[in-house]
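Please examine the sequence and the model shown below before reading on.

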Amino acid sequence: DSSQLRSLFTPDDLEVLAGAVSQAAVSVRYSRLYEEGLRRQVVERDLQLARQVQLSLLPAECPPCEGYQFFAYYQTAHEVGGDYYDFIELPNQRLAVVVADVAGKGVSAALLMAKLSGELKYYLSCEPPPAAVGRMNNSLCDGGSGRFVTLLLAVIDRTAPRLTLINAGHLLPLRRRASGVVEQVGESHRGVALGILPGRDYKELQVEVESGDLWFGYTDGFTEAINAAGKMYGLDCLRELLLRGPVGVTEAGERIVREVQGFLGSHPQSDDMCLVGWGRLAGPSPPRNDLTNLEPTQVTGRRR
């Protein structure tokens, strides 16, 4: 420990050195924790900004559509997510209702959701809906992200009681007729999810919309919600709830959200949740679609 015999360290010197090193180690540890905390704050600020940007991609309110009422609920499992919904105006007095789910969660899913939001609107503005969905599929295949997207596109015709459905691997929408019958629609016309196989053609299904009909498109965050006991909510429970639920789309949507939240209890949701409903009213005109904010991110015309 020294080349000078008279300067050899003694056991007392070693004890002092050990004490000093111990204090230095504590200081270094706290310094690293402080730096890590600062980095975490930067990441959290970036995620909050990303959440604000993502929410700005969602519709702020429902478009006017005489004879129809709308409901929408959106809640991510983390700060940002991969679920998506939209109301897109189309030529010839048509309105497209979109519900989509990007595989996965978090930032990467949110980025793909942003790509879907921008490009799908462009394709729908210049292509018939089936061709627009096909172009969206090719774009996602070319992107090489390795992720796929399920998508449900429902086109409401304002001039006729008609609905056009295009399904790219998404969960089948639920329809409750005025008679009380609840059914899944479009199994025979469900295509492959977007981003898997390029050059796919997507079929459209024409459905007559009856007075008093309720329709709901949703993501698997609802049907696959798992509570603290490890039990899954399931499609059967969702259908049963819709079967005995209120006749109005807003009331039915709110009840579905409350029931699933109650099923989860204090257990955190494991996946993003998106629910969009539309209903053809029995009366001559619908009420205003000025939506009120409900916990946690529930709207019937405006999104928080």
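Which residue in S3 does Asp-86 stand opposite? Asp-86 stands opposite Val-98.

The model is predicted: local features need pLDDT of at least 70, side-chain atom pairs count only at pLDDT 80 or more, and totals for chains, interfaces and linings use all residues. Residues are numbered from 1 along each chain as its sequence is written, and side-chain values use heavy atoms, with hydrogens and water left out.

**Strands**

Strands are DSSP runs of E with at least two residues, and helices are runs of H or I with at least four, numbered from the N terminus. Two strands pair if DSSP finds at least two bridges between them.

| Pair | Sense | Bridges |
|---|---|---|
| S2 (residues 83-90) and S3 | antiparallel | 8 bridges |
| S3 and S4 (residues 149-157) | antiparallel | 9 bridges |

S2 and S3 form a hairpin with 3 residues between them, and Asn-92 in the turn has a positive phi of about 60°. On the S4 side, Ala-96 has Val-155 as its bridge partner. Because 8 of the 9 residues of S3 (residues 94-102) are buried, this strand is largely enclosed by the rest of the structure; buried means under 20% relative accessible area with a 1.4 Å probe, protein chains only.

**Helices**

Helix H6 (residues 249-264) has 16 residues and reaches 23 Å from its first C-alpha to its last, close to the 22 Å expected at 1.5 Å a residue. The expected span is 1.5 Å times one less than the number of residues. Buried residues of H6 include Ala-252, Ile-256 and Phe-263. Just after H6, Gly-265 takes a positive phi of about 65°.

Terms used:
Buried means under 20% relative accessible area, exposed over 50%, partly exposed in between (1.4 Å probe, protein chains only).
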